Amino acid sequence: MAKNCQSCGMPLSKDPQAGGTEADGSHSTTYCSLCYDQGAFRHTGVSVDEFQAECVAALQRSGMPKFMAWMFTRGIPKLDRWRG
């Protein structure tokens with residue numbers, strides 16, 4: 001099991017739904033519920049740069065300073081989803 005979502009980098013232990021779901025309804029051990037549902041990614045048709053910018057914006061909306069949000073998301077391009 002991955003320790004962090006391989007799409008956004010969020011620690012899977014912080015996912016309130018304990019991970020996304022596969023097509024058969026089982027929990028994903030690779031992706032969080034914010035990124036993955038019913039065997040498919042929620043954010044499709046976006047580049048890694050666009051996705052990273054959206055993650056920064058979401059963290060800022062939750063009250064995190066922009067620099068800290070960027071620090072938390074800077075590893076996104078190295079995650080499995082985006083390396084393929």
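Arg83 and Asp80 lie 3 residues apart in helix H3 (residues 80-83), so about one helical turn separates them. In this predicted model, these two residues form a salt bridge, with their closest N and O atoms 2.5 Å apart. Arg83 is exposed, since its relative accessible area is 57%, whereas Asp80, at 38%, is partly exposed.

Side chains of opposite charge can pair when their charged atoms come close. A search of the whole structure finds 3 such salt bridges. One of them joins Arg61 to Glu54, where the closest N and O atoms are 3.0 Å apart. Arg61 counts as exposed because its relative accessibility is 61%; Glu54, at 37%, counts as partly exposed. Another links Asp37 with Arg42, at a closest N to O distance of 3.9 Å. Asp37 has a relative accessible area of 31% and is therefore partly exposed, and Arg42 is also partly exposed, at 47%.

Attention may now turn to the largest pocket, which holds about 400 Å³ of space. Of its 16 lining residues, Cys8, Met10, Leu34, Cys55 and Leu59 are the closest to its centre. The lining comprises 11 nonpolar residues, 4 polar residues and 1 charged residue. Helices H1 (48-61) and H2 each contribute at least two residues to this lining, and H1 gives the most, with 5.

Helix H2 spans residues 66-73 and includes Phe67. Phe67 counts as exposed because its relative accessibility is 57%.

Key. Residues numbered from 1 in each chain as written. Predicted model: local features only at pLDDT ≥ 70, side-chain atom pairs only at ≥ 80, totals over all residues. Heavy atoms only, no water. Helix = DSSP H or I, 4+ residues; strand = E, 2+ residues; numbered from the N terminus. Buried < 20%, exposed > 50% of the residue type's maximum accessible area, 1.4 Å probe, protein only. 1 Å grid on protein atoms, 1.4 Å probe; cavity = no way out; pocket = protein on both sides within 12 Å on 5 of 7 lines; lining within 4 Å. Points joined across faces, edges and corners; volume = space filled by probe spheres on them. Nonpolar A, V, L, I, M, F, W, Y, C, P; charged D, E, K, R; others polar. Salt bridge = Lys/Arg side-chain N within 4 Å of Asp/Glu carboxyl O.
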